[in-house]
Amino acid sequence: LTPPEDVGWKTLAVSVSDLAAMGARPSWAVLSLSVPRRSSAWVHAFARGLGEATAKWGVSLIGGDTTRSPGPRAVSLTLGGPLVAAPLTRSGARAGDDIWVTGWLGLAGLGWATDAPPQVAIDALQRPQPPLEFALALAKAGHATAAMDLSDGLVTDLPRLCEMSAVGAVVDAATLPLHPALAQREDAQDLQLGGGEDYGLLFTAPPHHRSAIASLAHRHDVTPTRIGQVEPGSRPRLSTSKWPRPLFRHFGGQA
């Protein structure tokens, strides 16, 4: 089971990732919490993790609601904040743009999809670190043409961006950022493409912004990787094989 401190952290982190991908700085949150009787220890631990996350990203918890639950615990958080520039959307990608991702793809997927995962994969799954400051700097600079966060995996999220931008895409699987924990695994590419829970940034940008993007990323201690290119069409493809299926569906469990 996920420790309550990590539940508290991730409750905020996943929404920070959403705002970051739109070019908005998280500012305030409201929390709804429903727990069974005798949950004091769990609530205190949850609050510690949530407090660590609000301190990291400068978020004020301004209200919400706490109730007793007759069954499982339920947590719901709403996060808001101001845009730092024109909003980043999924609909601006153009043929010829580079496709970029940040962070390690598949590491968090290794944390949930395998038995006895290494601690680094558990940490990636339970304590995601969305690249907020880099995303905001990217929005201010105006380099990106489209962006979204990687929450459901590249295999699910890139088609969403393509659909909204009315474009296709070609991805070179050999360029996907590979963490050493995945390097010897036969299912590494499956996890990179479909594991999900990455909470990095997926964005497109014209090739002439490559050096500027690399400079911004270095300044904010983020590792960006070019994984392909936007092309005419309506859906993404891999350069060497068919576009794979996701490993997980929200309403269907593991695929």
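Student: Leaving aside its neighbours within four places in sequence, which residues is Thr-54 in contact with?

Tutor: Quick background: this is a predicted model, in which local features need pLDDT of at least 70, side-chain atom pairs count only at pLDDT 80 or more, and totals for chains, interfaces and linings use all residues. Residues are numbered from 1 along each chain as its sequence is written, and side-chain values use heavy atoms, leaving out hydrogens and water. Contact means heavy atoms within 4.5 Å. With those sequence neighbours set aside, Thr-54 touches Leu-12 and Val-59.

Student: Is Thr-54 buried or exposed?

Tutor: Thr-54 is placed in helix α2, residues 40-57. Helices (H or I, at least four residues) and strands (E, at least two) are DSSP runs, numbered from the N terminus. Buried means under 20% relative accessible area, exposed over 50%, and partly exposed in between, with a 1.4 Å probe and protein chains only. The relative accessible area of Thr-54 is 17%, so this residue is buried.

Student: On to the sheet! In what order do the six strands of the open sheet come?

Tutor: Two strands pair if DSSP finds at least two bridges between them. Here the pairing is mixed, and the order is β5-β7-β4-β8-β6-β9.

Student: How many degrees does the twist average from one strand to the next?

Tutor: For angles, axes are lines fitted to C-alpha atoms (for helices, over the stretch in contact), and the values run from 0 to 180 degrees between N-to-C directions. Going from one strand to the next, the average twist is 25 degrees.

Student: Over how many bridges do β5 and β7 pair?

Tutor: Look at β7, residues 200-205. Leu-150 stands opposite Gly-200 there, and Asp-149 has Leu-201 as its bridge partner. The sense is antiparallel, and the number of bridges is five.

Student: How many of the six residues of β7 are buried?

Tutor: β7 also pairs with β4, in the antiparallel sense over four bridges, and Ile-99 stands opposite Thr-204. β7 is mostly covered, with a buried count of six.

Student: What kind of aromatic pair do Trp-100 and Phe-203 form?

Tutor: Rings of Phe, Tyr and Trp (its six-membered ring) pair if their centres lie within 6.5 Å; planes under 30 degrees apart count as stacked, over 60 as edge-to-face and the rest as tilted. The whole structure holds four aromatic pairs. For Trp-100 and Phe-203, the centres are 5.8 Å apart and the planes at 0 degrees, which makes the pair stacked.

Student: And why is the pair of Phe-134 and Phe-203 given a name of its own, and what is that name?

Tutor: Phe-203 is buried at 0% relative accessible area. Between its ring and that of Phe-134, the centres are 6.0 Å apart and the planes make 55 degrees, so this pair is tilted.

Student: Which residue has its charged end over the ring of Trp-100?

Tutor: A charge sits over a ring if NZ of Lys or CZ of Arg is within 6 Å of the ring centre and within 35 degrees of the ring normal. Trp-100 forms one aromatic cluster with Phe-134 and Phe-203. The charged end over its ring, 6.0 Å from the centre, belongs to Arg-226.
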